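Look over the structure first, then read on.

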Amino acid sequence: MNPVYYLYLAALLFTIGGAGVLIRRNAIVVFMCIELMLNACNLAFVTFSRMHGNLDGQIIAFFTMVVAAAEVVVGLAIIVSIFRTRHTASVDDASLMKL
Amino acid sequence: MENLIALLVAAPLVGAALLLCGGKRLDRTGHLIGSLFAVASFAIGVALFADLLGRGAEDRTLHQYLFSWIQVGGFRADAAFQLDQLSMTFVLLITGVGSLIHIYSIGYMEHDERRRRFFGYLNLFLAAMLLLVLADNYLLLYVGWEGVGLASYLLIGFWQHKPSAATAAKKAFLVNRVGDMGLSIAIMLMFTTFGTFAFGPVLAATGETSEGKLTAIGLMLLLAACGKSAQVPLQSWLGDAMEGPTPVSALIHAATMVTAGVYLITRSGAIFNAAPDAQVAVVAVGAVTLLFGAIVGCAKDDIKKALAGSTMSQIGYMILAAGLGPIGYAFAIMHLVTHGFFKAGLFLGAGSVMHGMNDEVDMRRYGGLRTYMPVTFITFGLGYLAIIGFPGLSGFFSKDKIIEAAFAKGGTEGWILGGAALLGAAITAFYMTRVMLMTFFGEKRWDPDTTHPHESPKVMTIPMIVLAVGSVFAGGLFSVNETFVKWLEPVTSFEHGHSPVSATTVTAATMVVLVLGVGLAWAMYGRRPVPATAPRGSLLTRAARRDLLQDDFNHVVLVRGGEHLTRTLVYLDHSLVDGAVNGTAASMGGLSGRLRKLQSGFVRSYAVQMLGGAAVLIAATLLMRGV
Amino acid sequence: MTVLAAAASTGEAVQFWLLGIVAVVGALCTILMKRAVHSALSLAGTMIVLAVFYLANGAYFLGVVQIVVYTGAIMMLFLFVVMLVGVTAADSLKETLKGQRWLAAGLGIGFGTLLIAGIGNASLKQFNGLGEANAGGNVQGLAALIFTKYVFAFEVTGALLITAVVGAMVLTHRERTERATSQREQAIARVREGKQVPPLPAPGVYARHNAVDIPGLLPDGTPSELTVNPTLRGRGQIRDVSRESLAELKALEQRSEEWLGRGEGPEAAPPPSGPSAPKEHKEGAKK
């Protein structure tokens with residue numbers, strides 16, 4: 001088996017995550033889909049690392065995880081505070097910027 | 001001596017400023033101050049003239065540089081004066097005749113409460129005209145040109161309480177504006193063609209310039225001259241301008257204003273010499289106008305309007321002569337000077353008659369005045385003899401030369417022009433005799449109970465006498481040894497024309513038509529009593545009374561046409577311009593309304609758009625790599 | 001786990017195909033499950049599979065970090081927030097934006113096709129393997145890179161994490177502007193408002209269930225609203241204890257007794273009407 005299949009899998013997971021972002025309304029689920037996309041990217045990075053025979057790809061994946069962690073912390077905090085004020089976690093309801 | 005040139009202009013300008021800004025405390029002395037500054041200007045002019053005479057014929061051009069007026073990049077205009085023989089002639093005419101008219105006005109305007117202001121305007125008129133003839137470039141000339149227009153507006157409308165005077169002033173101003181446009185376009189053309197508009201470089205460079213451009217410039221200059229000199233087709237203001245006080249008419253017709261056009265064409269002689277097509281236009285305008293004015297003059301019963309028609313006709317002679325090129329320039333100017341004398345005299349005489357007749361202007365209510373105002377009769381009579389070209393008087397010499405030069409043009413053109421000039425001379429003799437007979441001869445047609453004709457005071461008659469002397473002797477003086485022609489030759493250049501008919505024949509022909517014209521007038525107005533009310537007259541007479549339908553023509557063609565043009569333009573503006581603008585706005589609005597729908601505020605819609613964008617990017621990348 | 005050649009072994013291929021299917025199914029469940037909890041659990045499964053793949057690709061450190069940080073910490077954080085937020089209308093899968101689902105499907109398929117076409121088009125035949133890079137140990141290799149080549153990025157991510165922590169605190173913190181009411185004051189207020197002064201009544205108790213999802217019955221036999229948690233009622237997770245359904249249940253039990261041959265005989269008559277199939281009331285409530 002050629003390891004390039006990992007890349008196909010990563011592309012597939014990324015696309016599924018993207019579709020999820022588009023069709024789900026629950027902000028938490030949307031967030032999960034974003035995490036899924038990030039993970040798909042990480043898989044691609046790890047595969048590239050193996051392809052090139054050096055560890056730089058893994059380092060990038062590592063940084064992605066760190067950033068994802070920070071993002072989750074802030075994002076979930078935002079969801080919680082939105083829920084507190086508006087009693088909903090639907091991304092469609094957060095449309096106050098529209099005139 | 002060069003430094004005196006600016007003083008020529010400055011003197012009347014200071015006078016105007018003093019009188020117009022001085023307020024009521026100058027009311028009692030205003031007329032004296034105004035006349036003083038005019039005479040001072042004349043004195044300076046005489047001093048400069050003496051200086052010029054003391055020089056050789058080639059050094060008679062003086063320059064005075066005042067300051068750099070406008071300088072932007074390659075655009076340069078100086079406030080600088082140029083005094084040469086041509087300018088000198090005009091300076092003497094303007095200041096001399098102008099001063100006499102100032103003095104005359106002291107008496108004529110004695111009872112007018114706005115006399116101070118009147119003299120201020122007169123001074124302004126002189127200053128503007130002097131600036132016009134002394135400028136050393138076309139742009140400064142333009143300033144004087146506009147100044148003359150302004151002063152004429154103020155003076156024609158001086159009795160602004162009369163609606164007719166206010167309207168006439170506006171009419172004069174508007175018609176003049178048309179000509180001014182021509183001059184400004186001509187100046188712009190000069191700048192693009194020559195890169196300058198100083199007389200020296202422009203006139204020296206005509207040799208290397210294409211004839212087309214010169215023709216365009218020449219035609220624009222002709223348009224300008226038509227406006228100021230009341231030539232067809234811009235002649236309509238002159239008759240109405242008689243609404244102004246009579247001294248103003250004298251000033252406009254004799255010394256200033258209408259002579260500006262002749263000056264412009266003569267000054268720009270080099271341009272016209274190099275553009276024969278423009279010259280043809282000039283002589284055509286001159287010939288048409290001299291007949292037009294003469295015919296109008298025949299039909300008018302208003303003494304001033306008859307004289308106005310005469311002016312138009314005489315200026316037509318000058319323009320005709322100026323259009324003939326080097327064979328005519330000198331005679332145009334010579335006729336201008338002699339005309340300045342006798343026309344000023346005639347107008348002042350007419351003013352004197354009106355002064356004694358309770359401001360009556362209708363000649364049908366005059367008659368037999370020669371015994372009541374003898375000085376006026378004699379001076380007016382001398383002016384009359386001069387204008388019809390009575391042998392030995394001024395007009396004889398100058399007009400005869402013009403007719404000769406017209407024949408000398410050669411070919412069919414020469415015959416037509418010469419014929420027109422001769423015909424004009426006959427008509428001139430007719431209408432001037434008519435004026436003379438109706439005014440001073442025949443039985444009294446005025447009411448002796450209400451009207452007490454009397455001679456004018458000395459302050460009015462003395463200028464008339466001086467002008468009458470000029471009318472008698474100027475022409476002869478100028479013609480002895482061709483003095484005048486030689487004087488002007490360095491500026492205007494001169495060639496003897498080769499006439500197909502000899503000078504003697506022309507003179508004889510002139511005499512014949514003169515006698516014919518006078519005889520016809522005598523037959524119609526001398527032997528028969530003149531009816532106090534005008535008979536209906538022939539079709540031509542009625543048309544001529546209406547200035548040969550000039551105003552009707554202007555109304556139908558220009559006013560109506562202008563209205564229609566304006567309406568069309570307004571319609572186009574509404575439908576096309578506004579339509580385009582509003583259409584753009586509406587389409588932008590509609591597009592924005594559509595695009596606004598994209599901004600739904602829903603994060604997921606934005607996410608769809610982002611994903612779409614990303615997909616497009618990937619597709620583009622793949623395509624670029626040549627999938 | 002130490003050998004990582006350019007090409008994968010047969011064992012790895014088997015592992016890839018099996019776990020790959022699991023990962024895709026997990027991802028699909030993440031986006032299709034109605035409840036956020038189920039989505040989170042599906043995602044956790046996918047992430048574990050990915051961790052295995054990391055390990056298979058020679059990223060041992062990352063594989064472990066994936067399990068510890070992602071599955072262990074981040075997904076638990078998600079679950080906590082799901083718990084905090086609770087049930088909302090957002091859980092419905094009904095689409096409210098016009099054409100959004102079609103657009104999403106079309107764009108998703110197009111995007112995925114393009115990505116896969118791109119990968120297939122790229123020349124990715126040559127795999128060097130990580131044998132050499134991991135020779136001194138994967139963790140040591142990563143550490144050497146992080147603290148030399150990527151040290152600035154590392155420091156910056158540290159700053160990012162600190163900022164994120166502070167940001168989360170600022171976002172979720174609520175400043176108390178007045179003194180908290182004491183228990184005594186709360187009691188007084190409740191009496192003054194005159195609403196449910198004594199404690200809420202206990203839930204009902206049934207022979208087979210002794211649970212909070214069964215409402216207590218009032219003396220006239222009707223269920224009491226007060227006895228069950230409003231959250232459960234909101235979710236439709238309350239068992240129906242009305243007279244009819246209880247009778248139905250009783251008949252059902254009797255039938256099953258008969259079926260099993262333990263019936264008491266003639267008094268165990270079948271009910272005159274009703275569905276023949278056994279039916280959970282919970283599901284009935286859900287419809």
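How many residues does the contact take from chain A and from chain C? Chain A gives 67 residues and chain C gives 90 residues. The model is a predicted one.

**Chain A with chain C**
- About 7200 Å² is buried between chain A and chain C. Carbon and sulfur atoms give 75% of that area.
- Two salt bridges are counted between chain A and chain C. One of the two-chain pairs is D56(A) with K149(C), whose closest N and O atoms are 3.3 Å apart.
- Polar contact links 13 residue pairs between chain A and chain C, both residues at pLDDT 80 or more.
- On the chain A side, α1 (4-23), α2 (27-52) and α3 (56-86) each supply at least two residues. The largest share, 23 residues, comes from α3(A).
- That side of chain A has 46 nonpolar, 14 polar and seven charged residues.

**Chain A with chain B**
- Chain A and chain B bury about 840 Å² between them, with 62% on carbon and sulfur atoms.
- Zero salt bridges are counted between chain A and chain B. Two residue pairs are in polar contact across this interface, both residues at pLDDT 80 or more.
- The side of chain A that touches chain B divides into five nonpolar, one polar and four charged residues.

**Helix pair in chain B**
- The axes of α4 (residues 115-134) and α10 (residues 246-255) of chain B come within 12 Å and cross at roughly 5 degrees. Angles under 35 degrees count as roughly parallel, so α4(B) and α10(B) are roughly parallel to each other.
- F118(B), L122(B), F125(B), L126(B) and M129(B) of α4(B) meet P247(B), V248(B), L251(B), I252(B) and A255(B) of α10(B).
- The residues of this contact are ten nonpolar, no polar and no charged.

Methods:
Residues numbered from 1 in each chain as written. Chains lettered and ligands numbered in written order. Predicted model: local features only at pLDDT ≥ 70, side-chain atom pairs only at ≥ 80, totals over all residues. Heavy atoms only, no water. Axes fitted to C-alpha atoms, helices over the stretch in contact; angles between N-to-C directions. Helix = DSSP H or I, 4+ residues; strand = E, 2+ residues; numbered from the N terminus. Parallel < 35°, antiparallel > 145°, perpendicular 65-115°, else oblique. Contact = heavy atoms within 4.5 Å. Nonpolar A, V, L, I, M, F, W, Y, C, P; charged D, E, K, R; others polar. Buried area = accessible area lost by both parts, 1.4 Å probe. Salt bridge = Lys/Arg side-chain N within 4 Å of Asp/Glu carboxyl O. Polar contact = N/O pair within 3.5 Å; in protein donor to acceptor, adjacent residues only side chain to side chain.
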